[in-house]
Amino acid sequence: MTFNEVILGSSPFTFAPQFGHRTRLYELDFKDQPDNIAEIMDKAYELGVNEFLLKSSDDVEKALDLSLSRGNDWSIIGVTNTDDYDSDMALFEKYNTTMVMLDGFFVDKCIEDEDFNLVSKYLCDIRSRGYVPAIETRIPFKHLPIIEESSFIDDFDVIMFPLNFYGYMMDCNFLNKDNKNKIKDIMGRLDKKIIANRTLATGILKPNEAYDFIKNIDYLDAVCVGLAKVSEAEETLNVINSVKS
């Protein structure tokens, strides 16, 4: 069994720093150019992706509106770092938002500070608004065991974390068999929906390499992938569609 759900990420569209020198290229491609973002969204939708990870951004919001106006019925997963929580929630209310996720920087800082009550507070509020509550962690090996034993373990239904062959942007040097089994053991006990991101290791891995590696990880429910060109969307999503269940 393998994952059966694909989510379009927004990191390239918001010039996320993990892309290194390409962050500046993405800024040149997408800043004040929502048409360029919408073109990629439209292609992803055409290739079977109908979920979008929405982070607050004027350009991304305009692109989403453009894509929706062309008949693409996006389901939205909202992401908030809680800095502008109320305005984020107002943004998500505008769309067909099904899930709201607490950003990994926020969650990981709360874990480091042992401020579990703050995480719980936001998750409970998200659920009270009718959304599926979710969290992200960027350092799964360190934080998944803590999350498993935390007081907010029952307050979320979905968790997202990085997963790729090289362990890139994970807190391990290499995702070898032992490390894969460590995460698998925890996932088996958590009983949560699992989303993997950074599956392409910010472009270090080719799509065939990336998804041949994770296609048989049986605890994985979904992958979230960022795409920066129409040609990238075609290549990557054709590979993903060939391996997903």
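Student: In what sense do β3 and β4 pair, and over how many bridges?

Tutor: This is a predicted model. In it, β3 and β4 pair in the parallel sense over five bridges. Within that pairing, Ile 77 stands opposite Met 99 in β4.

Student: Which helix packs on the sheet there, touching β5 and β6?

Tutor: Helix α7, residues 140-149, does so, touching β5 (132-136) and β6 (158-162). The direction of α7 makes about 160° with that of β6.

Student: And what do the eight strands form together?

Tutor: They form a closed barrel with parallel pairing, in the order β1-β2-β3-β4-β5-β6-β7-β8. From one strand to the next, the twist averages 25°.

Student: Turning to α4, which of its residues are buried?

Tutor: In α4, which spans residues 85-93, the buried residues are Tyr 85, Asp 88, Met 89, Leu 91 and Phe 92. Seen down the helix axis, the buried residues of α4 fall within an arc of 155°, so they line one face of the helix.

Student: Against which elements do the buried residues of α4 pack?

Tutor: They pack against the strands β2 (51-55), β3 (75-80) and β4 (97-102), and against the helices α3 (58-69) and α6 (116-128).

Student: A change of topic: how many disulfides does the count come to?

Tutor: The count comes to zero disulfides. Cys 124, for instance, is in no disulfide, and the nearest cysteine sulfur, that of Cys 110, is 14 Å away; the cut-off for a disulfide is 2.5 Å.

Student: Which is buried and which is partly exposed, Cys 124 or Cys 224?

Tutor: Cys 124 is partly exposed, with a relative accessible area of 40%. Cys 224 counts as buried, at 7% relative accessibility.

Student: Finally, which residues touch the most other members of the largest nonpolar core?

Tutor: Leu 163, Tyr 211 and Leu 237 do, in a core of 75 residues. Not counting residues up to four places away in sequence, Leu 237 touches Val 6, Ala 44, Leu 47, Val 49, Val 225, Leu 227 and Glu 232.

Student: What lies apart from that core?

Tutor: Another core lies apart from it, made up of twelve residues, among them Leu 53, Ile 77, Met 160 and Ile 195. Ile 77 is also the residue that stands opposite Met 99 in β4.

Terms used:
Residues numbered from 1 in each chain as written. Predicted model: local features only at pLDDT ≥ 70, side-chain atom pairs only at ≥ 80, totals over all residues. Heavy atoms only, no water. Buried < 20%, exposed > 50% of the residue type's maximum accessible area, 1.4 Å probe, protein only. Helix = DSSP H or I, 4+ residues; strand = E, 2+ residues; numbered from the N terminus. Arc of directions from axis to C-beta. Contact = heavy atoms within 4.5 Å. Pairing = 2+ DSSP bridges. Axes fitted to C-alpha atoms, helices over the stretch in contact; angles between N-to-C directions. Core = buried A, V, L, I, M, F, W, Y, C linked by side-chain atoms within 4.5 Å.
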